[in-house]
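Visitor: I would like to learn how to read the features of a model like this one. Please take them one at a time.

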Amino acid sequence: MNSQSPIYSFKFTISWIFIYLIIVIIFSKLINIFLAAYLGLWILNLLIEVAERLLLRFGRRIYTVER
């Protein structure tokens with residue numbers, strides 16, 4: 001083993017640990033944002049469906065793009 005190689009350096013190892021941690025944190029934030037948007041749109045669609053069904057019971061219609 002070559003002890004002069006930067007792979008065996010303590011500073012090199014610590015810096016790569018920090019880089020990997022930053023990458024993991026960024027990916028977790030992105031996944032969190034996309035999951036929140038997906039769930040928010042799903043709940044919004046559910047509310048629109050419920051409102052549309054309630055209004056149809058009273059003889060009203062919601063005019064949407066899907067006519």
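Guide: Start with exposure: a residue counts as exposed when its relative accessible area is over 50%, as buried when under 20%, and as partly exposed in between. The model here is predicted. Tyr20 has a relative accessible area of 52%, so Tyr20 is exposed. Phe34, at 61%, also counts as exposed.

Visitor: Is Trp16 buried, partly exposed or exposed?

Guide: Trp16 counts as partly exposed because its relative accessibility is 35%. For the protein as a whole, buried residues make up 1% of the 67 residues. The protein exposes about 6900 Å², and carbon and sulfur atoms supply 72% of that area.

Visitor: How many helices and strands does the protein have?

Guide: There is one helix, and there are zero strands. Helix α1 covers residues 10-57, Phe34 among them.

Visitor: What span should α1 have, given its 48 residues?

Guide: The expected span is 1.5 Å times one less than the number of residues. For the 48 residues of α1 this gives 70 Å, and the end C-alpha atoms are 70 Å apart, so the two values agree. After α1 comes Gly59, which has a positive phi, near 80°.

Visitor: How is an aromatic pair described?

Guide: Two things describe a pair of aromatic rings: the distance of the centres and the angle of the planes. A search of the whole structure finds one such aromatic pair. The partners are Trp16 and Tyr20, with 5.6 Å from centre to centre and 40° between the planes, a tilted arrangement.

Visitor: Why are Trp16 and Tyr20 separated by about one helical turn?

Guide: Because Trp16 and Tyr20 are four residues apart in helix α1.

Visitor: Which residues make the nonpolar surface patch?

Guide: A patch takes in residues with over 30% relative accessible area, and nonpolar side chains are joined within 5 Å. This one is about 1100 Å², and its members include Phe12, Trp16, Tyr20, Phe27, Leu30 and Phe34.

Visitor: Where does the side chain of Ser28 make a polar contact?

Guide: A polar contact is a pair of N or O atoms within 3.5 Å. A polar atom of the Ser28 side chain lies 2.7 Å from the backbone oxygen of Ile25. Ser28 lies in helix α1, and its relative accessible area of 39% makes Ser28 partly exposed.

Methods:
Residues are numbered from 1 along each chain as its sequence is written. Side-chain values use heavy atoms; hydrogens and water are left out. Patches are made of residues with over 30% relative accessible area and no salt bridge: like charges are joined within 9 Å, nonpolar side chains (Val, Leu, Ile, Met, Phe, Trp, Tyr) within 5 Å. Accessible areas come from the Shrake-Rupley method with a 1.4 Å probe; for residues, only the protein chains shown count as cover. A salt bridge is a side-chain nitrogen of Lys or Arg within 4 Å of a carboxyl oxygen of Asp or Glu. Helices (H or I, at least four residues) and strands (E, at least two) are DSSP runs, numbered from the N terminus. Buried means under 20% relative accessible area, exposed over 50%, partly exposed in between (1.4 Å probe, protein chains only). Rings of Phe, Tyr and Trp (its six-membered ring) pair if their centres lie within 6.5 Å; planes under 30 degrees apart count as stacked, over 60 as edge-to-face and the rest as tilted. A polar contact is a pair of N or O atoms within 3.5 Å; within protein, one must be able to donate a hydrogen and the other to accept it, and residues adjacent in sequence count only if both atoms are side-chain atoms.
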